Structures are given as structure tokens and as C-alpha cells.
Amino acid sequence: MTPLLEVTDLVKHYLSRGLFRAGLPTRAVDGVSFEVGRGETLGLVGESGSGKSTIGRTILRLDEPTGGRAVFDGVNVFETDRETLRAMRRKMQIIFQDPFSSLNPRMAIGSAVAEGMEIHRLAPKAEIPERVAGLLREVGLDPSLATRYPHEFSGGQRQRVGIARALAVSPTFIVCDEPVSALDVSVQAQVINLLRDLQEHRGLSYLFIAHDLAVVRQISHRIAVLYLGRIVELGTTDQIIESPQHPYTQALLSAVPEPDPRRQRTRIVLRGDPPSPSAPPPGCAFAGRCFHSSKNARCTSERPEQRTVAGRQVACHHAG
Ligand code: ADP
């Protein structure tokens with residue numbers, strides 16, 4: 001079966017503007033390829049600034065890509081006309097860390113959930129209240145809350161409303177951009193369980209973005225690890241968690257709490273910061289922070305391409 005979404009060589013460079021422009025573009029995403037299958041969750045993990053949100057936004061065309069291809073359900077998202085794009089926007093939704101930041105605080109949440117249905121004319125007006133009630137129930141909220149306002153909700157409830165808003169237009173694919181990062185751990189688990197249940201019942205596909213591998217592993221079937229705008233490792237969740245091959249993945253994993261004391265990992269603390277995305281180094285972008293014992297001159301001169309190591313894709317000269 002063809003994947004629902006196929007992204008090939010996605011590039012997004014931001015040009016610096018204004019009085020203090022440095023001249024060099026920020027290479028936020030620098031040649032990224034991946035697929036998301038039907039009913040699958042692909043996790044996208046990496047530290048802040050690695051390009052995760054930019055990937056999410058460009059594949060939805062909320063930001064224009066600099067290059068590459070994204071084919072969603074057989075349609076090339078980057079080359080499609082306005083009308084097709086409008087129809088696709090309904091199928092491809094996004095939920096954010098704080099779903100209310102872009103909302104009118106004076107709009108009752110029932111109206112907020114109904115908005116997408118009204119814009120896309122998905123239901124006769126008379127049916128909308130019943131549909132909204134159904135959506136609120138589906139995300140675990142009491143339908144009587146429809147008349148309440150954003151400030152009356154807890155963080156977890158707000159995220160449930162954000163999910164209901166996305167579901168209102170019956171999407172097949174949702175970009176989840178750090179959806180639980182602002183929530184307490186116990187609430188995080190509830191929202192992740194909800195997303196999982198919805199995936200099962202509705203056959204949804206997710207691109208699940210988070211900086212925290214401990215969160216990403218809970219929901220993802222496969223995981224792509226991003227470093228400075230490139231994927232350094234991509235494999236099944238088991239492969240990434242049980243036998244990470246890229247030293248950056250190993251460092252991320254070493255920070256994930258392990259409940260079983262027999263399996264405690266030694267924490268790898270990375271020194272320094274990643275290089276600037278407007279002046280990436282010629283070789284491996286991770287070389288300056290790498291602790292690999294066989295690190296050598298090739299790492300700082302030749303950019304490692306992805307290759308298959310232990311069944312997954314890794315971009316490291318020394319993996320395997
Ligand atoms: P992440 O989601 O992993 O934190 P982002 O995709 O937000 O990373 O950012 C990747 C890089 O692109 C960062 O260096 C960020 O500063 C830069 N960037 C993101 N959005 C813009 C923008 N609108 N204009 C200029 N640079 C941007």
C-alpha cells in the first residue's frame with residue numbers, strides 16, 4: 001500500500017530580513033525524506049531549533065517550502081492549486097502545544113469546535129450543536145462545557161478542545177506539534193492515550209513532534225531523529241529505543257528515565273550547542289559534540305549520508 005504521506009528531500013531556508021541581517025539563510029530543514037503510513041504514527045524528535053515545527057508547517061503549506069516534494073494521498077502538496085489545497089487542508093490538520101494561543105478568548109469552545117465545520121460547510125446549521133456535542137464526548141469532555149470559555153479550562157482540557165477542533169473536519173492526517181509538552185506528566189499520558197484511541201477508531205495518521213524521546217516513544221510506531229535540519233536516524237520505535245546506532249540518538253535516549261533499575265543507562269551529557277543552522281559545518285553536523293571513540297578527520301570533512309545499519313537508516317560514518 002502506498003504511504004499516506006511521502007516527503008522527499010524537503011528543504012526550507014529562511015532568509016534573514018531587517019537591519020541586522022546576517023546575509024546567510026537559516027537552513028531550518030536541509031534535505032529531509034520520510035513517509036507516514038495509513039494509521040501510522042511517525043515520531044519526530046530532536047532538540048529545540050532542529051527544524052521539527054518547520055517540517056510540520058511546510059508539509060501543510062502553512063510555510064512555503066524552499067525545495068522538495070510532499071505527496072499526500074496521491075497529490076503533490078507543493079504544486080497543487082488553491083482549490084485542491086483548500087480541500088487538502090481539511091484532510092491535514094495540526095494541533096499545537098497551546099491550542100488557545102490563536103483563539104478568541106471571548107468565543108465559547110462549542111463555537112471554536114464548530115468553526116471548521118462551518119468554514120468547510122460540512123453540516124447543515126441545525127445539526128452542528130449535536131455534532132459538536134459528539135466531538136466533545138469523543139475527546140472525553142462533557143458536552144455541557146460547550147458554552148464555557150477558554151480560560152475556564154485546564155491545560156489538558158484545552159488540548160482536548162484543540163483535538164476536537166481538528167477532528168471536526170474529519171481529517172486523515174494530523175501534525176501533532178509538541179501537543180503535550182506544556183502538560184504535567186500524568187495529564188500527558190491521558191492525552192497520549194486519547195490520541196491513540198482516536199487513531200484506532202478513526203484510522204488516523206500522525207506526525208508526532210516532540211523534543212522529548214520519552215514522550216515520542218509512547219505513541220510512535222517509527223521514530224525519526226532530527227539534528228540541525230537533517231534526519232540522523234530513522235527506524236522502528238523498538239530499533240531506536242533498544243539499539244540506537246547514531247551517537248546523538250544514544251545521547252537523547254540516555255536522558256530517558258528507565259523504570260527498570262537493571263536497565264539503567266549511563267547518562268551522556270552533550271557538551272556545547274549545535275552549530276548555527278545558517279553556517280553548518282562541512283562534515284557531520286554532530287561532529288563537534290560527538291563522543292564516538294572512532295571519530296576521525298572524515299567526520300569533519302565529509303557529510304555522512306543515510307545508510308542502512310541494523311535494519312534502520314543512520315547518517316554516521318562510524319555507526320554499525
Ligand atoms: P524546532 O521545532 O525543532 O524547535 P524550528 O522548526 O522551530 O525548530 O526552527 C528551526 C530553525 O529555523 C531554527 O534555527 C529557527 O530559529 C529557524 N526559524 C524557524 N522559523 C523561522 C522564521 N519564521 N524565520 C526565520 N527563522 C526561523
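A polar contact is a pair of N or O atoms within 3.5 Å; within protein, one must be able to donate a hydrogen and the other to accept it, and residues adjacent in sequence count only if both atoms are side-chain atoms. The model is predicted, with local features needing pLDDT of at least 70 and side-chain atom pairs counting only at pLDDT 80 or more, while totals for chains, interfaces and linings use all residues. Residues are numbered from 1 along each chain as its sequence is written, and side-chain values use heavy atoms, with hydrogens and water left out.

| Residue | Distance to a ligand oxygen |
|---|---|
| Gly-49 | 2.7 Å |
| Ser-50 | 3.1 Å |
| Ser-53 | 2.8 Å |

Taken alone, the ligand exposes 560 Å², of which the protein buries 63% (accessible areas come from the Shrake-Rupley method with a 1.4 Å probe). In total 13 residues surround the ligand (one of their heavy atoms lies within 4 Å of it), and Gly-49, Gly-51, Lys-52, Ser-53 and Thr-54 are the closest. Helix H1 (52–59) and strand E2 (26–36) each supply at least two residues of this shell, and the largest share, 4 residues, comes from H1; helices (H or I, at least four residues) and strands (E, at least two) are DSSP runs, numbered from the N terminus.

Elsewhere, the axes of helix H3 (residues 109–119) and helix H5 (residues 155–167) come within 7 Å and cross at roughly 30°, where axes are lines fitted to C-alpha atoms over the stretch in contact and angles run from 0 to 180 degrees between N-to-C directions. H3 is therefore roughly parallel to H5, a term for angles under 35 degrees.

Note on methods
Angles under 35 degrees count as roughly parallel, over 145 as roughly antiparallel, 65 to 115 as roughly perpendicular and the rest as oblique.
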